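Welcome! Here is a friendly tour of one protein chain. Have a look at the picture, and then we will walk through its strands and salt bridges together.

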Amino acid sequence: MKKIILLICSLFAVSILVSCQQNEEPKKAELKPTQHAFPKNNTATVASLKMEMLGIKDAENSIPKHEKLEGKKLVKVDMKINNMTEYKIPMAASLFKVLDSNGKYQPNYPMVDELGQTIAGNKEIRGVVYFAIPKNSVVDKIVYEDPKRDAFHEWTVEK
């Protein structure tokens, strides 16, 4: 009699364990957002500067070894800027910010090789600007704003 009760209790315990395991929801794979690119013809003339966004790239390899970006990733934006005047125009990475896919504006992330120079008259330069954005987001817009020159422009990233 004890063996039958022990067997029934064992079967009952096993059936409860099996049913509990089947009710667990499977883990969903974490989707990594995909960064899109700029449209082909994205040149804009902004306050005597002809500006073109060339591309957005992952820049994780550019992070200095002693720095940690907690919950963020580093992206860099390549650009080409042409001064269409005969005067020198200062240009800095701090004049740019991005709107991420979470709807938040992110300022530039200072790096040694970022854009920061004076563009001579009728000259063209290429430069990069870095941004630290949340890992679960992508860049939706690049914004250039220079209040001293009353200049503003937004470049939308294709989806």
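Which residue in β9 does Phe96 stand opposite? The residue facing Phe96 is Tyr144 in β9. Please keep in mind that you are looking at a predicted model.

**The open sheet**

- Four strands make up an open sheet, and their order is β6-β5-β9-β10.
- The pairing in this sheet is antiparallel.
- At the edges you will find β6 (105-107) and β10, each of which pairs on one side only.
- From one strand to the next, the twist averages 25 degrees.

- Strand β5 is largely enclosed by the rest of the structure, because 4 of its 5 residues are buried.
- Here "buried" stands for a relative accessible area under 20%.
- Across from Lys97 you can find Pro107 in β6.
- The hairpin of β5 and β6 has 4 residues between the strands, and in this hairpin Gly103 takes a positive phi near 85 degrees.

- Which residues of β4 (residues 89-92) point to one face and are buried? They are Ile89 and Met91.
- Strand β4 pairs with β7 (residues 116-119) over 4 bridges in the antiparallel sense.
- One of the residues in this pairing is Ala92, whose bridge partner in β7 is Gly116.

**Salt bridges**

- How many salt bridges does a search of the whole structure find? The search finds 4, and three of these pairs are described below.
- Glu52 forms a salt bridge with Lys80, and their closest N and O atoms are 3.6 Å apart.
- This pair links distant parts of the chain: Glu52 is in strand β2 (residues 49-58) and Lys80 is in strand β3 (residues 72-83), 28 residues apart.
- Lys80 has a relative accessibility of 25%, so Lys80 counts as partly exposed.
- Glu145 forms a salt bridge with Lys97, with 3.8 Å between the closest N and O atoms.
- Because Glu145 lies in strand β9 (residues 139-146) and Lys97 in strand β5 (residues 96-100), the pair ties together parts that are 48 residues apart in sequence.
- Glu145 counts as partly exposed at 36% relative accessibility, and Lys97 counts as partly exposed at 28%.
- Glu154 forms a salt bridge with Lys141, where the closest N and O atoms are 3.2 Å apart.
- Glu154 belongs to strand β10 (residues 151-156) and Lys141 to strand β9, so this pair links distant parts of the chain, 13 residues apart.
- Is Glu154 buried, exposed or partly exposed? At 30% relative accessibility, Glu154 counts as partly exposed.
- Lys141 is also partly exposed, with a relative accessible area of 24%.

Technical notes: Residues numbered from 1 in each chain as written. Predicted model: local features only at pLDDT ≥ 70, side-chain atom pairs only at ≥ 80, totals over all residues. Heavy atoms only, no water. Salt bridge = Lys/Arg side-chain N within 4 Å of Asp/Glu carboxyl O. Helix = DSSP H or I, 4+ residues; strand = E, 2+ residues; numbered from the N terminus. Buried < 20%, exposed > 50% of the residue type's maximum accessible area, 1.4 Å probe, protein only. Pairing = 2+ DSSP bridges. Axes fitted to C-alpha atoms, helices over the stretch in contact; angles between N-to-C directions.
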